[in-house]
Amino acid sequence: MLFREILDIPCGIRFMLESLNLQSSYSRNLLLHSPMMAVKGDIERTYSILSSCYSRLYSNGGANTSSSLAALKHRLMGLRDITGTLERLQRGVVLDDLDLFEIKYTAILAGYIRDAVYNMKLEGVDIPDLGKVISVLDPDGMLIESFYVYDSYSKELGRIRADIRGLQALSDPTAITQDRLLELLEKERLLERDIRENLSAILKNHTTEIKAAMDAMGYLDLLLAKCLQIKTMGLCIPVISGDSTTQYRGMFHPYVVHLYEKENATGGHKKIFQPVDIKFGIESLSIIGANMGGKSVVLKMTALNQLLFQFGFGVAARSAVIDIKEEIRLCIGDDQDLHSGLSSFAGEVKAIDNVIRRINVGKKMLALIDEPARTTNPIEGTALVTALLDILRGKNLSLLLTTHYNISGDFFRRLRVRGLVSGKMDYTLVETTEGEIPQEAINVARSLGVDELWLTKAEQILKT
């Protein structure tokens, strides 16, 4: 699964992408086409580099590196995608001056950034030395980023250009000198063509290292952006689980926090996001609680953090120990498909059926399902949810499922949102027992200022 394929998962991953302070569109494209990591060694290396880089940049407030970091980011703004130029070069196309300029510019940029990485002692970023490429395109050693077919490439070219300048300086050229000028200009054109052809042949042998340098600079841009995101959002570096257990302490949702901060900036009642602790393994876990209890947000946070973990980002929690999964599935919200004519219920059950099919072929999965069968009658809904939990037991699956139904059985764990405490919602998750279904809808409605006659009448009906 590529990063671009997860952007429509409604958990907040797109917000995390847009919040990255990337300097180059090439870096963004590199991320979009990066695969989800599922090998422990890859994830360990990724977080080792990220942790080292973060420590180097932001220890002691980053005072020792702030100016160097600003200069490095400014350089990275110049990273361009010249993949098309390199592909033409590999096919044997003779490059023009613009193409050669792009390669020269990239090679010089790589040199500057390579030196900066070395001086800042940033580990894990290996930018190839493109000195040979620079020497080919900058024969005079001026390190000027523009490209020109220099006289240094050919003594004959230098002589011809000198003669051309002499003839062009004549105040009253004759027909003979005009003919001579045209002859010299044609010779200059042919020599320049031969030089470009020779340069292209030489550079063809360096396309792999040029592309590697581009990717390394893009990776560096991503690395710096992830470190800044960790700092500004208060994310953590996760630990890889050693026993298939995932545990978050102080888990939060960056997008919800962002929305609260925007609202708080306008004044009025201050909103504070309450972080959540949760722990689960290879098991089924049912989360119950009143509406507005944050159950759906728990699923979104868990899905988001699993994705962040397996794409090498900081994780939205005070601390996190996370198990590696092969697939992450989030079934949440209204799955009505207007294009195919499917109802909400049909779209929902098809999505859940796909989870079952993937589990049955042996995929190690994290599945997060929000109130399955909620759009059908409670009797059938309870039966469907009970059956779902039953058939998924014993699978290589971490299942988090929210529901309002009273599900019987001892083959899954239950957590409950603590709910209203002294008139305020407490989103803490606590272990609960079979048959303990929250009955807080009326209290929640009352806290919202809903018509009291309606609520009183409902309470009377409940007592009968």
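Colleague: What is the relative accessible area of Gly41?

Modeller: Gly41 has a relative accessible area of 22% and is therefore partly exposed; buried means under 20%, exposed over 50% and partly exposed in between, with a 1.4 Å probe and protein chains only. Please note that this is a predicted model, in which local features need pLDDT of at least 70, side-chain atom pairs count only at pLDDT 80 or more, and totals for chains, interfaces and linings use all residues. Residues are numbered from 1 along each chain as its sequence is written, and side-chain values use heavy atoms, without hydrogens or water.

Colleague: What are the overall dimensions of the chain?

Modeller: Along the principal axes, its C-alpha atoms fill a box of roughly 115 × 50 × 45 Å. The radius of gyration is 31 Å, whereas a compact globule of 464 residues would have one near 23 Å; the radius is taken over C-alpha atoms, and the globule rule is 2.2 Å times the number of residues to the power 0.38. The chain has 16 helices and 10 strands, and 46% of its 464 residues count as buried.

Colleague: What share of the contacts joins residues at least 24 apart?

Modeller: That share is 74%, taken among contacts between residues at least 6 apart in sequence; a contact means heavy atoms within 4.5 Å.

Colleague: What is the mean pLDDT, and where is it below 50?

Modeller: The mean is 90, and 92% of the residues reach 70 or more; pLDDT is the predictor's confidence in each residue, from 0 to 100. Over residues 335–341 the value is below 50, and this stretch has 8 contacts in the model beyond near neighbours in sequence. Where pLDDT is low, the predicted coordinates should not be read in detail.

Colleague: Turning to the backbone, what is the phi of Leu143, and of Ala373?

Modeller: Leu143 has a positive phi of about 55° although it is not a glycine, and Ala373, also not a glycine, has a positive phi of about 60°. Most residues other than glycine have a negative phi.

Colleague: How many residues line the second largest pocket?

Modeller: It is lined by 15 residues, and Ser34, Tyr219, Leu222, Lys226 and Phe311 lie nearest its centre. The elements giving two or more residues to this lining are α2 (25–32), α3 (40–58) and α10 (207–233), and α10 gives the largest share, 4 residues. A pocket is an open set of points on a 1 Å grid over the protein atoms alone where a 1.4 Å probe fits, with protein on both sides within 12 Å along at least five of seven lines; lining residues have an atom within 4 Å of a point.
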